[in-house]
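Look at the structure below before reading on. This report walks through strands, cores and aromatic rings in turn.

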Amino acid sequence: WGGGINKFDYSTKKFTHIAIDEAFMKNVGWCMTKDKEGILWVGTNGRGLMRINPRTGEKKYYENERGNPKSLSNNVVMFVFESSDGMLWIGTGGGGINKFNRKTEVFTSYSKKDGLPNDMIQGIVEDAQKNLWVSTANGLAKFKPSTNEVINYFEENGLQGNSFNERSCYISNDGKIYFGGSKGLTSFTP
């Protein structure tokens, strides 16, 4: 906890430390993904979304700005996912999901008030029809980005339970989706 990020150089066999923040609790990277352009995106525990350009070492933070609805909705980022159309989807620890347009640097947030079952996002995968499947701390959502339509599923719909584990999601080559939860594994083909 609180150790930031470590980058390993295969040629020198040494690690380089990359700090997220000086504050111990904010110096946590919950998740990372590398986008199609080679940029590294890090979900942090209090510093929002961190962008690292591995070629230059340049870092940039995207954080919630109170009163600005076009900023990140919550500074705890649990999951970062790049969809097939190149959009970044940010799952937050209390602010729902955020669509991030990298060209305009604008966030669009979707939360419980927009139909999600819960604002604590645990994982995101995309199916062949370009729907996002979003696991939360209380239910699973099928989110259609083209229309913002949300369909929620719960234990009574056949899920292992309503609570899902952090970053415990996978889509196989044949399109079957898996989510790990507090009572086992949920798997289905959409």
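## Strands that pair

Two strands count as a pair if DSSP finds at least two bridges between them. Keep that rule in mind throughout this predicted model. Strands β8 and β9 (residues 97–101) pass it with four bridges, and their pairing is antiparallel. Together β8 and β9 make a hairpin, with four residues between the two strands. Gly-94 sits in that turn and has a positive phi of about 135°.

## An open sheet

Further along, four strands build an open sheet in the order β11-β12-β13-β14, with antiparallel pairing. Which strands stand at the edges? They are β11 and β14 (149–153). Each has a single partner strand, so one side of each is left without a neighbour in the sheet. From one strand to the next, the twist averages 20°.

Now look at one pairing inside the sheet. β11 and β12 run antiparallel and are joined by five bridges. Ile-124 has Val-134 of β12 as its bridge partner.

## Two nonpolar cores

The largest nonpolar core has 22 residues. Which of them touch the most other members? They are Trp-89, Ile-97, Ile-124 and Phe-179. β7 (77–82), β11 (121–126), β12 (132–136), β13 (139–144), β15 (164–171) and β16 (177–181) each supply at least two residues. There is also a second, separate core of twelve residues. Cys-31, Leu-49, Ile-90 and Phe-107 are among its members.

Leaving aside neighbours within four places, its contacts include Gly-123, Val-125, Trp-133, Leu-140, Phe-164 and Phe-188.

## Gly-123, a buried glycine

Is Gly-123 buried or exposed? Its relative accessibility is 0%, so Gly-123 counts as buried; the cut-off for buried is under 20%. Gly-123 is part of strand β11. Not counting residues up to four places away in sequence, it touches Phe-79, Trp-133, Val-134, Ser-135, Cys-169 and Phe-179. Take Trp-133 from that list. Gly-123 and Trp-133 are ten residues apart in sequence, and their C-alpha atoms are 8.1 Å apart.

## Aromatic rings

A pair of aromatic rings is described by two values: the distance of the centres and the angle of the planes. With centres within 6.5 Å as the limit, the model has 13 aromatic pairs. One of them is Trp-89 with Tyr-110. The ring centres of Trp-89 and Tyr-110 are 6.2 Å apart and the planes meet at 35°, so this pair is tilted. It links distant parts of the chain, 21 residues apart. Trp-89 belongs to β8 (residues 88–92) and Tyr-110 to β10 (residues 106–110). Both residues are buried.

Rings also gather in a group. Trp-133, Tyr-153, Phe-164, Phe-179 and Phe-188 form one aromatic cluster. A charge can sit over a ring as well: Arg-47 lies over the face of Tyr-61, 3.8 Å from the ring centre.

Terms used. Residues numbered from 1 in each chain as written. Predicted model: local features only at pLDDT ≥ 70, side-chain atom pairs only at ≥ 80, totals over all residues. Heavy atoms only, no water. Core = buried A, V, L, I, M, F, W, Y, C linked by side-chain atoms within 4.5 Å. Buried < 20%, exposed > 50% of the residue type's maximum accessible area, 1.4 Å probe, protein only. Contact = heavy atoms within 4.5 Å. Phe/Tyr/Trp six-rings, centres within 6.5 Å; stacked < 30°, edge-to-face > 60°. Lys NZ or Arg CZ within 6 Å of the ring centre and 35° of its normal. Axes fitted to C-alpha atoms, helices over the stretch in contact; angles between N-to-C directions.
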